[in-house]
Amino acid sequence: MLPSTTFLLVGGLAVLVGALVQSSIGFGVGVVATPVVALLFPDLMPGALLIAATVTPMFTLVREVRHADLGGLGWAFAGRLAGTPLGVWVVTVLSARGMSLAAGGLVLVALAVSAYSGTVPRNRTTLAAAGMFAGLGGTATAIGGPPIALLYQRESGPRVRATLAIFFTLGTLISVLTLAALDQFPQRQLVAGLALTPFVAAGFLAAGPLRRYLDGGRTRLAVLGLVGVSATVLIVRNLI
């Protein structure tokens, strides 16, 4: 069954903006698009956005893969492998309402991470822990970027984007395959996710001329503010 026109317009726009942000600062498609899709189309979560989250970083890899921190990724992936089964368990036990609340909460955590001003040590322990939480959050709600992004927040733009792109490409693919193997990935979510890929490409292309502008932080606070409002609405709506 093909996705509805409303999903393509609303969900597609959210993914486009998320892909633009992620192509500029390293993560964002899940953070920006999840509140919208989880609020309006909960039956398409998390699969549809996991597909979008798998495709988005591939564009970045084509351009910046040489800047990636391959050494640190090994420990992060070890944690991701441990966290993915926990995410699958969450998908099987939580209702759509519970998933929406979890998604909103994770977005607020992402905002707190983005506002964090201290220095978090990057070592084997923190990389593995961040990978585990990324696997849990990414599998259950399609939001897995904030834990890893926190550890690389003080690196250069190309290094952050390339490192996170490798982690997201392989990590989200692991989540997709694990959910599918356990019969937790309905066909409608796969079709909806594939329908979002043109919007991913559009977001990446739009980020080209705007990358320097966005990397300078001129629109970051505005984007995060909008995400915060979306997450708050998502939580409040499901608590009523």
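Tutor: Let's start with contact, which means heavy atoms within 4.5 Å. Leu44 touches Phe7, Arg188, Gln189 and Ala192, leaving out residues up to four places away in sequence. This is a predicted model, where local features need pLDDT of at least 70, side-chain atom pairs count only at pLDDT 80 or more, and totals for chains, interfaces and linings use all residues. Residues are numbered from 1 along each chain as its sequence is written, and side-chain values use heavy atoms, with hydrogens and water left out.

Student: How do you know what confidence the protein chain has?

Tutor: From pLDDT, the predictor's confidence in each residue, from 0 to 100. The protein chain averages 84, and 89% of its residues score at least 70. Where pLDDT is low, the predicted coordinates should not be read in detail.

Student: Why is Thr60 called buried?

Tutor: Buried means under 20% relative accessible area, exposed means over 50%, and partly exposed is in between (1.4 Å probe, protein chains only). Thr60 comes in at 3%, so it is buried. This residue is in helix H3, and among its contacts are Ser23, Arg161, Ala165 and Phe204. Over the 240 residues of the protein chain, 51% count as buried.

Student: What makes a set of residues a nonpolar core?

Tutor: The members must be buried Ala, Val, Leu, Ile, Met, Phe, Trp, Tyr or Cys, joined through side-chain atoms within 4.5 Å. The largest one here has 31 residues, and Phe7, Val15, Val37, Leu44, Leu49 and Leu179 touch the most other members. At least two residues each come from several helices, including H1 (5-25), H2 (29-40), H8 (157-181) and H9 (187-215). H3 gives the largest share, six residues. Apart from that core lies another, of 24 residues, with Leu127, Ala134, Ala149 and Ala231 among them.

Student: What makes Trp89, Val93 and Leu94 a patch?

Tutor: Patch residues have over 30% relative accessible area and no salt bridge; nonpolar side chains (Val, Leu, Ile, Met, Phe, Trp, Tyr) are joined within 5 Å, like charges within 9 Å. Val93, in helix H4, has 46%, so it clears the 30% cut-off and counts as partly exposed. Together the three give about 310 Å² of accessible area, by the Shrake-Rupley method with a 1.4 Å probe, where for residues only the protein chains shown count as cover. The whole protein chain has about 10,700 Å² of accessible surface, 70% of it belonging to carbon and sulfur atoms.

Student: How do you know that Asp43 and Arg188 form a salt bridge?

Tutor: Side chains of opposite charge can pair when their charged atoms come close. The rule asks for a side-chain nitrogen of Lys or Arg within 4 Å of a carboxyl oxygen of Asp or Glu. For Asp43 and Arg188 the closest N and O atoms are 3.7 Å apart, so the pair passes. Asp43 lies in the loop between H2 and H3 and Arg188 in helix H9, so this pair ties together parts 145 residues apart in sequence. Asp43, at 42%, is partly exposed, and so is Arg188, at 43%. The count by this rule is four salt bridges.

Student: What makes Arg63, Glu64 and Arg161 a network?

Tutor: They are linked by salt bridges: Arg63 to Glu64 at 3.2 Å, N to O, and Arg161 to Glu64 at 3.0 Å. Arg161 lies in helix H8 and Glu64 in helix H3, so that pair ties together parts 97 residues apart in sequence. Arg161 and Glu64 are both buried, Glu64 at 7%, while Arg63, at 25%, is partly exposed.

Key: Helices (H or I, at least four residues) and strands (E, at least two) are DSSP runs, numbered from the N terminus.
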